[in-house]
Amino acid sequence: MSTDTQATAQTQTEGGLSGREQQVVDQVEKRLLVGGRWVDAEGGATFEVDDPATGQVIASVADATPADGRRALDAAVAAQADFARTTPRERADLLLRAHELLMERQDDLALLMTLEMGKPLAEAKGEIAYAAEFFRHFSGEALRIDGGYQTAPAGGARFLVTKQPVGPCLLITPWNFPMAMGTRKIGPALAAGCTSVVKPAHQTPLSMLALGQVLQDAGVPDGVVNIVTCRDAGGVMEPLIRSGDARKLSFTGSTKVGKVLLEQCADKVLRTSMELGGNAPFIVFDDADLDEAVAGAMQAKMRNMGEACTAANRIYVHDNVIQQFGEKLSAAMAQLEVGRGTDDGVQVGPLVDEAGRRKVIDLLADATGRGATVLTGGEAPDGPGWFFPPTVLTGVPGEARMAHEEIFGPVAPLTPFSSEDEVIAAANDTPYGLVAYVFTNDLRRGLRVAEALESGMVGLNQGVVSNPAAPFGGIKESGLGREGGSVGIEEFLEIKYVGIAM
Ligand code: NAP
């Protein structure tokens with residue numbers, strides 16, 4: 001972090017939020033959205049939200065109890081039948097209005113996100129646009145829910161196939177993309193005709209509450225989207241899952257929590273979509289355009305300060321080019337401006353909280369203890385906020401913890417390889433399978449390696465794969481189901497077949 005940036009962060013700590021920042025925080029409803037009304041949590045309980053750049057409290061929001069959660073689910077259940085009867089066009093128009101409102105409020109929503117989560121303002125603005133795009137995408141998908149009519153193979157009977165909303169859904173989202181992970185679930189749920197109870201992460205409730213206001217202003221009927229913020233996620237959500245009154249759980253978060261929730265869902269056989277953790281390999285062959293590969297690595301590693309399930313977690317570079325690649329990547333990383341995400345020119349904000357930074361520090365110490373060398377960065381700065389500098393490590397051995405665990409921070413570990421078979425085996429040596437990246441100028445090799453990699457998505461010569469129109473999701477312990485694309489809405493639809501005697 002530059003001295004200037006550190007000084008700015010300190011000024012913010014002493015002086016609190018600027019006038020505009022305070023205004024943006026003040027205009028957010030901080031209560032629960034239940035049945036179309038903003039209500040206090042039972043007993044008026046609240047919990048605090050911090051600015052990770054300063055460690056300072058910026059707001060208090062309602063802390064729901066299990067009874068509040070139950071009321072939210074009751075509202076979703078009560079609204080389900082009427083909402084399922086709305087026409088596809090009505091639901092599509094609703095989503096388009098929500099898209100427009102998100103874009104109209106993009107600047108305020110981006111600032112709000114930066115304040116509670118830390119990412120630089122430009123990235124937050126990008127996320128609002130990305131999040132809004134899920135609504136526009138699914139407004140189209142609402143109109144394309146299809147069916148079929150078919151003659152039975154032996155003749156006589158006919159098969160009529162139609163699709164219906166799954167029913168009330170529970171949607172649980174993480175803090176790293178507080179808006180987009182919400183719209184990626186709420187968009188298809190609305191398009192399909194499902195009501196929902198949404199529970200955002202405790203670090204970032206403000207963005208979801210602001211989204212609730214957008215949905216209300218867009219005209220979403222009462223009870224169709226309910227929002228429950230709380231500190232005791234398990235205590236509030238488990239009874240709702242086990243009740244069986246919701247018919248689906250869509251979860252984005254860690255594999256550890258995802259496994260717990262899958263067990264809870266088994267009881268009443270809920271439909272599940274699970275977007276879980278990753279351990280993405282990023283492979284650079286010696287025939288790649290090295291500058292393009294470095295640019296791709298910067299995107300795959302540094303988007304969201306490395307706090308992304310899609311973040312390049314293991315960077316494998318061919319022996320012939322690893323030194324050159326390491327020099328170029330280190331130079332690019334060292335140039336990044338670290339600081340409070342609201343400040344001009346800042347490209348890397350703080351990590352989300354102390355635990356997140358502690359994990360990065362521990363993983364780094366483990367890797368260097370096993371022989372890895374720091375090419376740039378590596379030292380957490382003093383002072384307020386959970387900052388960590390962009391860091392490049394080389395010679396990271398396969399047994400290092402960071403080769404097996406999500407780093408979730410701005411640390412790029414380089415490991416050399418010498419053959420295609422060797423690197424494919426190393427890349428697949430993980431229980432995760434979300435995304436992988438391959439850089440090569442040999443198209444045949446690119447496709448061959450893409451097919452051999454065990455992951456739900458592959459970036460071939462590109463460092464970002466997320467796109468609302470593409471099917472996002474993982475295999476192995478990275479999850480179940482897909483979000484976005486033309487298949488995203490299917491996660492919220494049941495197929496019904498009617499056999500017709502003729
Ligand atoms: P997390 O700890 O699993 O939390 C995710 C969400 O689950 C939060 O809303 C959390 O609430 C809630 N939660 C935690 N324990 C729960 C329980 N027992 N019952 C019900 N809900 C519970 O993950 P995170 O640290 O927020 O997010 C980072 C993880 O998300 C990473 O592993 C990342 O890879 C993954 N992720 C995956 C994708 C994807 O599409 N595959 C996208 C983004 C992130 P509290 O905040 O209140 O604890």
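Modeller: Helix H14 (residues 420–428) lies across strand S12 (280–284), S13 and S16, and runs at about 170° to S13. Contact here means heavy atoms within 4.5 Å. Axes are lines fitted to C-alpha atoms, for helices over the stretch in contact, and angles run from 0 to 180 degrees between N-to-C directions. Helices (H or I, at least four residues) and strands (E, at least two) are DSSP runs, numbered from the N terminus.

The model is predicted: local features need pLDDT of at least 70, side-chain atom pairs count only at pLDDT 80 or more, and totals for chains, interfaces and linings use all residues. Residues are numbered from 1 along each chain as its sequence is written, and side-chain values use heavy atoms, with hydrogens and water left out.

Strand S13 (residues 312–318) pairs with strand S16 (residues 411–417) in the parallel sense over four bridges, and Val317 stands opposite Pro416 in S16. Two strands pair if DSSP finds at least two bridges between them. Both strands belong to an open sheet of seven strands with mixed pairing, in the order S14-S15-S16-S13-S12-S18-S19. Strand S14 (373–376) and strand S19 (457–460) are at the edges with a single partner strand each, so one side of each is left without a neighbour in the sheet. From one strand to the next, the twist averages 25°.

A further open sheet has three strands in the order S5-S6-S22, with antiparallel pairing. Its edge strands, S5 (148–151) and S22 (493–500), each pair on one side only. Neighbouring strands of this sheet are turned by 20° against each other on average, direction ignored. Eight bridges join strand S6 (residues 158–165) to S22 in the antiparallel sense, and Phe159 has Gly499 in S22 as its bridge partner.

Strands S3 (residues 46–51) and S4 (residues 56–62) also run antiparallel, joined by six bridges. Val49 stands opposite Ala59 in S4. The hairpin of S3 and S4 has four residues between the strands, and Gly55 in this hairpin takes a positive phi near 75°.

Turning to helix contacts, H8 (residues 205–218) meets H7 (residues 180–192): their axes come within 12 Å and cross at roughly 30°. That angle makes H7 roughly parallel to H8; angles under 35 degrees count as roughly parallel, over 145 as roughly antiparallel, 65 to 115 as roughly perpendicular and the rest as oblique. In H7, Gly182, Thr183, Ile186 and Leu190 meet Met208, Leu211 and Leu215 in H8. This contact has five nonpolar, two polar and no charged residues, where Ala, Val, Leu, Ile, Met, Phe, Trp, Tyr, Cys and Pro count as nonpolar, Asp, Glu, Lys and Arg as charged, and the others, Gly among them, as polar.

Helix H5 (residues 106–117) also packs with H8, at an angle of about 155° and with the axes 8 Å apart. H5 and H8 are therefore roughly antiparallel to each other. Leu109, Leu112, Met113 and Glu116 in H5 meet Pro205, Leu206, Ser207 and Ala210 in H8. The residues of this contact divide into six nonpolar, one polar and one charged.
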